[in-house]
Amino acid sequence: MGRLLGNSCNKCLFYLYLVYLSVHMMTMEHFVAAVQRLEDLNPTLTPLDLLASLLTTLSQRDNITCGIIGSSDNSTDVHYTDSNNTFITAKLNGNGHLCRFFNQAIHHFITDDREERGVVLTPDGTTVALSPLLLGVEMGLQATKDVTQPHGIYLLPLAKTLGLSFLQFQNSTPPERLGPDGCWDNISSPVVFTLSGEPSLATDAVVHGGMDGAIIGRHFSVVNDSEVKLSEVLSSYYSDGMELEHSHPRGRYRRRNFQNITNASLLQKKVADALKSHRQRENAAEESLIEEGMREFALRYMDCPTIIPRCVWGAAPPRVPLHSLSPPLQFLYIHHTSTPSKPCLNHQMCSQNMREMQQFHQKDRGWHDIGYSFVIGSDGYVYEGRGWMSQGAHTRGRNLVGYGIAFIGDYTSQLPSRYTMELVRHHLVKCGVSKGFLQKNFTMLGHRQVVNTSCPGDSLYSEIKTWKHFKDTDPLKFQ
């Protein structure tokens with residue numbers, strides 16, 4: 001990651017072109033390109049000085065505005081105070097175009113129309129708020145500079161947001177204390193992100209940003225590399241690669257990586273610490289509220305897998321309104337898609353597979369929608385089909401009593417990756433039970449046990465026979 005970036009005119013023009021586009025396209029790639037441009041203009045600044053100067057200039061800490069930088073490449077002194085109250089002066093070179101873009105990209109707020117600003121779409125299909133991301137990274141960089149910083153300082157931005165959202169839930173009773181997710185107006189050229197319901201202070205994008213900031217901040221706090229560049233770390237983290245290198249954490253493994261750097265008790269302590277300035281005194285009701293909120297957070301963002309919503313993979317609407325289910329259901333039916341026959345390894349490929357399957361199910365088979373309840377990609381994510389509440393078309397005669405889960409690929413002679421199978425075996429089913437969609441004593445069956453088919457493939461069928469809740473015989477055949 002210590003590779004130095006070139007400063008050729010062509011590269012500069014390319015970065016500027018991306019910045020101009022990114023005024024309209026809110027993607028992580030465009031944000032990283034803008035950071036690269038800022039690094040090129042400030043080659044002597046450390047990542048900490050660059051990031052702290054940027055956050056200060058964008059009024060994250062005081063009232064300095066974009067006007068201080070000007071409309072052309074120039075420099076200005078930016079003053080800020082680090083976590084030890086040490087006064088620091090950094091000379092930040094920039095231009096008005098960059099500043100206006102950063103202000104648009106980083107400033108987080110939600111409009112009356114539920115449009116969430118200050119968020120970007122990442123290559124893996126998830127949406128991230130940049131402010132908590134950058135604040136967490138900054139905390140990690142501070143820990144590298146000062147070894148006396150408390151353990152887990154990079155968790156504080158997320159912890160503060162969680163705590164305030166829990167208290168808001170007590171005071172104003174919004175529908176949820178966490179979330180929601182939302183949809184972009186255009187996946188290929190995203191500009192506006194609209195939430196799917198009433199917002200809490202901790203929307204999914206804010207939580208994702210806080211988790212990513214903690215993961216990358218923790219990475220910076222233990223990796224002492226003077227040559228490292230912020231843009232390179234962000235580019236590596238949000239790349240579409242499937243590598244599982246411990247020295248280079250990947251955003252697609254956000255939930256597992258987050259569990260590796262913290263635990264429920266540490267995060268709950270950080271939430272309590274972050275709220276000290278907002279509470280005059282501790283009381284049992286608020287402590288209970290924090291405990292309840294942390295249990296919900298652990299289930300939603302650590303135990304449950306990330307589910308890519310239909311709007312993000314580009315689903316067409318169902319042809320007619322779908323029949324509703326009455327959970328909790330008793331059965332879980334395991335499938336493989338066979339066609340597509342190859343695992344999808346990134347969001348773009350998985351989304352294309354989802355659209356092709358939906359088109360085949362709707363046009364060739366005449367179904368109202370894609371048949372499966374959920375589809376499992378090999379990119380680290382679960383894709384929403386008909387979901388928990390709508391009757392599927394996956395297992396003939398059993399669509400009212402169970403969910404259909406399909407692994408993308410042909411698993412006659414090979415298995416999905418271990419991580420991909422764990423998404424279902426240890427996470428999706430636990431999520432379904434905990435949220436009341438699956439019965440606690442649910443039964444797992446292979447598609448072939450109900451219908452005359454080879455699905456889910458010999459290899460995958462042999463594997464699921466070892467899973468908890470699998471039954472050798474179909475109980476409904478003997479009723």
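The structure is a predicted model, in which local features need pLDDT of at least 70, side-chain atom pairs count only at pLDDT 80 or more, and totals for chains, interfaces and linings use all residues. Residues are numbered from 1 along each chain as its sequence is written, and side-chain values use heavy atoms, with hydrogens and water left out.

**Helix pair H7 and H8**

The axes of helix H7 (residues 204–222) and helix H8 (residues 230–237) come within 12 Å and cross at roughly 125°. H7 and H8 are therefore oblique to each other. The contact (heavy atoms within 4.5 Å) is formed by the residues tabulated here.

| Helix | Contact residues |
|---|---|
| H7 | Asp212, Ile215, Ile216, Phe220 |
| H8 | Leu230, Val233, Leu234, Tyr237 |

By class, the residues of this contact comprise seven nonpolar, no polar and one charged. Here Ala, Val, Leu, Ile, Met, Phe, Trp, Tyr, Cys and Pro count as nonpolar, Asp, Glu, Lys and Arg as charged, and the others, Gly among them, as polar.

**Lining of the largest pocket**

A pocket is an open set of points on a 1 Å grid where a 1.4 Å probe fits, with protein on both sides within 12 Å along at least five of seven lines; lining residues have an atom within 4 Å of a point. The largest pocket is lined by 38 residues, and Asp181, Asp204, Arg300, Ile307 and Lys435 lie nearest its centre. This lining has 18 nonpolar, ten polar and ten charged residues.

Conventions
Axes are lines fitted to C-alpha atoms, for helices over the stretch in contact, and angles run from 0 to 180 degrees between N-to-C directions. Helices (H or I, at least four residues) and strands (E, at least two) are DSSP runs, numbered from the N terminus. Angles under 35 degrees count as roughly parallel, over 145 as roughly antiparallel, 65 to 115 as roughly perpendicular and the rest as oblique.
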